[in-house]
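Take a look at the structure below.

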Amino acid sequence: MEKHVRLTFGPESVKKPLVYQLGHEFKVVTSIRMADVDKSIGWVVLGLEGDPDEIERALAWVRAQGVRVDEPTLGDVVEGGA
Amino acid sequence: MSFAKALRCRECGREYPLDPIFSCEFCFGPLEVAYDLDGIRAAVSRDSIAKGPSTIWRYAPFLPCEPEFKVDLGTGYTPLLKADRLAKAIGLDTLWIKNDTVNPTWSFKDRVVSIAIARAREFGFSAIACASTGNLANSVAAHAAGAEMECFVFIPDDLEQGKVVGSGIYNPTVVKVRGSYDDVNRLCTELSMQYPWAFVNINVRPYYAEGSRTIGFEVAEQLGWRTPDHLVAPMASGSMYTKIWKAFQEFHKAGLIDAPQTRMSGAQAAGCSPITTAFEKGTLNFVPQKPNTIAKSLAIGNPADGYYALKQMQETNGGAEMVTDEEVVEGIKLLAETEGIWAETAGGVTIGCLKKMVASGFIKRGEETVAIISGGGLKTLEAVVDAVEEPLHVDPRIASFEEAHRARKGVLVGAKA
């Protein structure tokens, strides 16, 4: 299975090699499709290929590193008004 | 007929057929509807539009769905009112209010939902769904009733009862989800992959979002086929703000107006201001926030169109502003007291930000400005319930009334000396 995610890094995590570690610690193949990184913030849109449970474990680990995980193009789905 | 010709990736430009999909297979960028503007140019004129119905369907050739599938509750072609008293109060020569409080479910969401539901019927979906804390849910439930479609509304666990009633009255299946706001987001995204429903802001999102363009079409037509110098719109996901500009450009390409020179500015509440904060830092990369504001209809901490909104500010020499919750209430009151329009909190955000941008000189006195008021005040009664003056309390005698009035307000109008 392939899952698409958008990872947002803050000042604490932006300099860590987390995408590299993700591919080493878990059996998932990472594929960067879009990214933008500056000094204090960065984001990467990533394709993750692997077993669905392994992908979920990998994403739980990424979240535990203080990284925000979202569906790439939707942002927040719960809407209010404008 | 519709002149929609394809879905196009906003990032890499790849085109896709007009299917219920929302992201590019190659770069995962968001898809947007592209139109045959030459075809539109040949088919429409100012006259043909002016002869159309007094709803969003007067712009049918510009919409991404066939009108025969519409559920017409009478959405759109809302008043553009010249707001001279408010203009004077904040220091502008010319100000217009686009009053979207008068839509069928009292917010601009009827525009986007009208398109989503027409397209969902065209695709043959039998059920429509959304995740919302208010306005969107109300509108989806109302339109689903009109379409005789199954309707599912997903809401966070802790939503106030009043907000649930505004959807529940149309008899959808309302689902309270145990867990956090992010859990509701995740559940709905997963459901949209698994069930053949039209999730208005997920799998039919490219069509849904196009509905906001009708605000831009209307403003240009109502100003006499031209665009204003400056426009201020509220920003949650940033979608409406970007689509109004898209509408101006499409009207120009269709030969209906001159090239738009409008400076486009956006308004957010300080308690949920990812776009404004990024604008102030001069970056296109916003940091998602946990919302904490009374302007709940703008409380999107991770805005899907934030990046595009920020690019548009640069492109149009516009800006972004934010206001505190106190300033939101002041904005609601100022609009009500000067123009007789009662807006929900999002309108307070827009007026509050407009006032600040004029005071700082960012919007010059001579710039003809349009402010978008996206929803009606009864939606957020609790925001102003403590901010309105207590009634005078009197005995049923003229003397009692006169005394109470004198004590609070002084001389009575028309009183004999």
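This is a predicted model: local features need pLDDT of at least 70, side-chain atom pairs count only at pLDDT 80 or more; totals for chains, interfaces and linings use all residues.

**How α11 and α12 of chain B pack**

- Helix α11 of chain B spans residues 274–281, and helix α12 of chain B spans residues 306–316.
- Their axes lie 10 Å apart, at an angle of about 45°.
- The crossing of α11(B) past α12(B) is right-handed.

**A second pair: α4 and α5 of chain B**

- Helix α4 of chain B covers residues 109–123, and α4(B) packs against α5(B) with the axes 9 Å apart.
- What angle do α4(B) and α5(B) make? The angle is about 40°, and α4(B) and α5(B) are therefore oblique to each other.
- This crossing, too, is right-handed.
- On the α4(B) side, the contact uses B:Lys109, B:Asp110, B:Val113, B:Ser114, B:Ile117 and B:Arg121.
- On the α5(B) side, the contact uses B:Asn135, B:Leu136, B:Ser139, B:Val140, B:His143 and B:Ala147.
- The residues of this contact divide into five nonpolar, four polar and three charged.

**Where chain B touches chain A**

- Chain B gives 45 residues to the contact, and chain A gives 24.
- Helices α5 (135–147) and α7 (181–194) of chain B each supply at least two residues of the side that touches chain A.
- Which element gives the largest share of that side of chain B? The answer is α7(B), with five residues.
- By class, the side of chain B that touches chain A has 23 nonpolar, 18 polar and four charged residues.

**Chain B as a whole**

- Chain B contains 16 helices and 13 strands.
- Its radius of gyration is 22 Å, close to the 22 Å that the globule rule gives for 417 residues, so chain B is as compact as a globular protein of that length.
- Along the principal axes, the C-alpha atoms of chain B fill a box of roughly 75 × 50 × 45 Å.
- Chain B is divided into domain 1 (74–106 + 212–384), domain 2 (109–208) and domain 3 (393–417).
- The C-alpha centres of domain 1 and domain 3 of chain B lie 41 Å apart.

Key. Residues are numbered from 1 along each chain as its sequence is written. Chains are lettered from A and ligands numbered from 1 in the order in which they are written. Axes are lines fitted to C-alpha atoms, for helices over the stretch in contact, and angles run from 0 to 180 degrees between N-to-C directions. Helices (H or I, at least four residues) and strands (E, at least two) are DSSP runs, numbered from the N terminus. A crossing is left-handed if the near helix is turned anticlockwise from the far one by less than a right angle, and right-handed if clockwise. Two residues are in contact if their C-beta atoms, placed from the backbone, lie within 7 Å. Ala, Val, Leu, Ile, Met, Phe, Trp, Tyr, Cys and Pro count as nonpolar, Asp, Glu, Lys and Arg as charged, and the others, Gly among them, as polar. Domain bounds come from an automatic or database domain assignment. The radius of gyration is taken over C-alpha atoms; the globule rule is 2.2 Å times the number of residues to the power 0.38. Angles under 35 degrees count as roughly parallel, over 145 as roughly antiparallel, 65 to 115 as roughly perpendicular and the rest as oblique.
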